[in-house]
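Please examine the sequence and the three-dimensional structure shown below. The paragraphs that follow lead through its helices, its core and its charged pairs.

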Amino acid sequence: MSTEKRKEIFRIIKFVCFSISAGVIELVSFALLNELTPLSYWPCYLTALILSVLWNFTLNRKFTFQSANNIPKAMLQVALYYCIFTPITTMGGNYLAETLGWNEYLVTGINMVLNLSTEYLFDRFVVFKDSLDSNS
C-alpha cells in the first residue's frame, strides 16, 4: 500500500473519531433539549447540530486535514455546505419525527450518518483540497 493511501486511510479514521466526539456533543445536547424543554424537533436538532459543527470543524481543520489555509474562508465554505445540508435535514427530520411519528433519536442518528459521509467528502475535496498537511 502506498504512503499516500495509508495517509488517506489515517485521515479518514481521524475524521471519523473526531466526528464521533462531535456526535456525542450533538446527541447529548439534543437529548437535553428534547427531554427538558417543550421545544419541537427542529429547534432541538438545529441547536445540537450547530454545537457539533463548531467542535468538529475546529478539530478536523487542525488535526485531520492539518490545514493552515484561511480559517474564515474555510469556515465560510463549511457554512455554505450547512446552508444546504441543514434545511434538508431539519425539514426532513421534522417531517419524519413530527408528521410520521418516527423516533426522534432514530431520525437524528440517520442525519448524523448522512452528515459524517457528506461532510468528509466536502471538506476533503472542496474546503481543504489545496491545503492538506500545510500546518505541519
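**Helices, core and charged pairs**

Glu 8 and Arg 11 both lie in helix H1, three residues apart, which is about one turn of the helix. Helices (H or I, at least four residues) and strands (E, at least two) are DSSP runs, numbered from the N terminus. The structure is a predicted model, in which local features need pLDDT of at least 70 and side-chain atom pairs count only at pLDDT 80 or more, while totals for chains, interfaces and linings use all residues. Residues are numbered from 1 along each chain as its sequence is written, and side-chain values use heavy atoms, with hydrogens and water left out.

The side chains of Glu 8 and Arg 11 form a salt bridge, with a distance of 3.3 Å from N to O. A salt bridge is defined as a side-chain nitrogen of Lys or Arg within 4 Å of a carboxyl oxygen of Asp or Glu. Side chains of opposite charge can pair when their charged atoms come close. By this rule, the model has four salt bridges.

Glu 8 also forms a salt bridge with Arg 124, at 3.0 Å from N to O. This pair links distant parts of the chain, since Glu 8 is in helix H1 and Arg 124 is in helix H4, 116 residues apart. Are these two residues buried or exposed? Glu 8 is buried, with a relative accessible area of 19%, and Arg 124 is buried, with a relative accessible area of 15%. Here buried means under 20% relative accessible area, exposed means over 50%, and partly exposed lies in between (1.4 Å probe, protein chains only). Arg 11 is buried as well.

A further salt bridge joins the side chains of Lys 7 and Asp 133, at 3.2 Å from N to O. Lys 7 lies in helix H1 (residues 3–36) and Asp 133 in the segment after helix H4 (104–127), so this pair ties together parts that are 126 residues apart in sequence. Lys 7 counts as partly exposed, at 37% relative accessibility. A network of salt bridges links Lys 7, Glu 8, Arg 11, Arg 124 and Asp 133.

The next topic is the packing of the helices. Two packed helices are described by the angle between their axes and the distance between the axes. H1 and helix H2 (residues 41–64) pack at an angle of about 155°, with their axes 8 Å apart. That angle makes H1 roughly antiparallel to H2. Axes are lines fitted to C-alpha atoms, for helices over the stretch in contact, and angles run from 0 to 180 degrees between N-to-C directions. Angles under 35 degrees count as roughly parallel, over 145 as roughly antiparallel, 65 to 115 as roughly perpendicular and the rest as oblique. The axes of H3 and H4 come within 10 Å and cross at roughly 160°; H3 and H4 are therefore roughly antiparallel to each other.

Which residues have the most contacts inside the largest nonpolar core? This core has 20 residues, and those with the most contacts are Phe 30, Tyr 41, Tyr 45, Val 78, Tyr 82 and Phe 128. H1, H2, helix H3 (71–99) and H4 each supply at least two residues of the core, and the largest share, seven residues, comes from H2. A nonpolar core is a set of buried Ala, Val, Leu, Ile, Met, Phe, Trp, Tyr and Cys residues joined through side-chain atoms within 4.5 Å.
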